[in-house]
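Here is a short briefing to read alongside the sequence and the 3D view. Keep both open as you go through the points.

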Amino acid sequence: MSDVLKPDLLKEWLDKIEIANHHNIFCHCRACGWEWIDSNLEAICKCGSSDLETIACWQFPDD
């Protein structure tokens, strides 16, 4: 069995990851510390800062 995904299966996985990222972005404002979930990587904090750390939520483990 090969460790390489077939192109159609790889595209399917990448499409699903893109959808997951679009709807589940964890945002942390470095200016005020506020944290929220957004669907926009270009989000602006309620304090007006755009200095954010953003992480795709699917990257967090389910404990």
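The notes below cover a surface patch, a loop serine and the cysteines.

This is a predicted model. In it, five residues make up a nonpolar surface patch: L5, L9, L10, W13 and L14. By the distance rule for cysteine sulfurs, the number of disulfides is 0.

**The nonpolar patch**
- L10 has a relative accessibility of 38%, so L10 counts as partly exposed.

- To find S49, look in the loop that links β2 (35-38) and β3 (52-56).
- S49 is buried because its relative accessible area is 14%, and the cut-off for buried is under 20%.
- A polar atom of the S49 side chain sits 3.0 Å from the backbone nitrogen of D51.
- Leaving aside residues up to four places away in sequence, S49 touches C29, A31 and I44.

**The cysteines**
- A disulfide is a covalent bond between the sulfur atoms of two cysteines.
- The count here is 0 disulfides.
- C32 takes part in no disulfide, and its nearest cysteine sulfur, that of C45, is 3.6 Å away.
- C32 is partly exposed, because its relative accessibility is 43%.
- For C47, the closest cysteine sulfur is in C45 at 3.7 Å, which is too far for a bond, because the cut-off is within 2.5 Å.
- C47 has a relative accessible area of 43%, so C47 is partly exposed.

Notes. Residues numbered from 1 in each chain as written. Predicted model: local features only at pLDDT ≥ 70, side-chain atom pairs only at ≥ 80, totals over all residues. Heavy atoms only, no water. Patch = residues over 30% accessible without salt bridge, like charges linked within 9 Å, V, L, I, M, F, W, Y side chains within 5 Å. Areas by Shrake-Rupley, 256 points an atom, 1.4 Å probe, with all protein chains shown as cover. Salt bridge = Lys/Arg side-chain N within 4 Å of Asp/Glu carboxyl O. Buried < 20%, exposed > 50% of the residue type's maximum accessible area, 1.4 Å probe, protein only. Helix = DSSP H or I, 4+ residues; strand = E, 2+ residues; numbered from the N terminus. Polar contact = N/O pair within 3.5 Å; in protein donor to acceptor, adjacent residues only side chain to side chain. Contact = heavy atoms within 4.5 Å.
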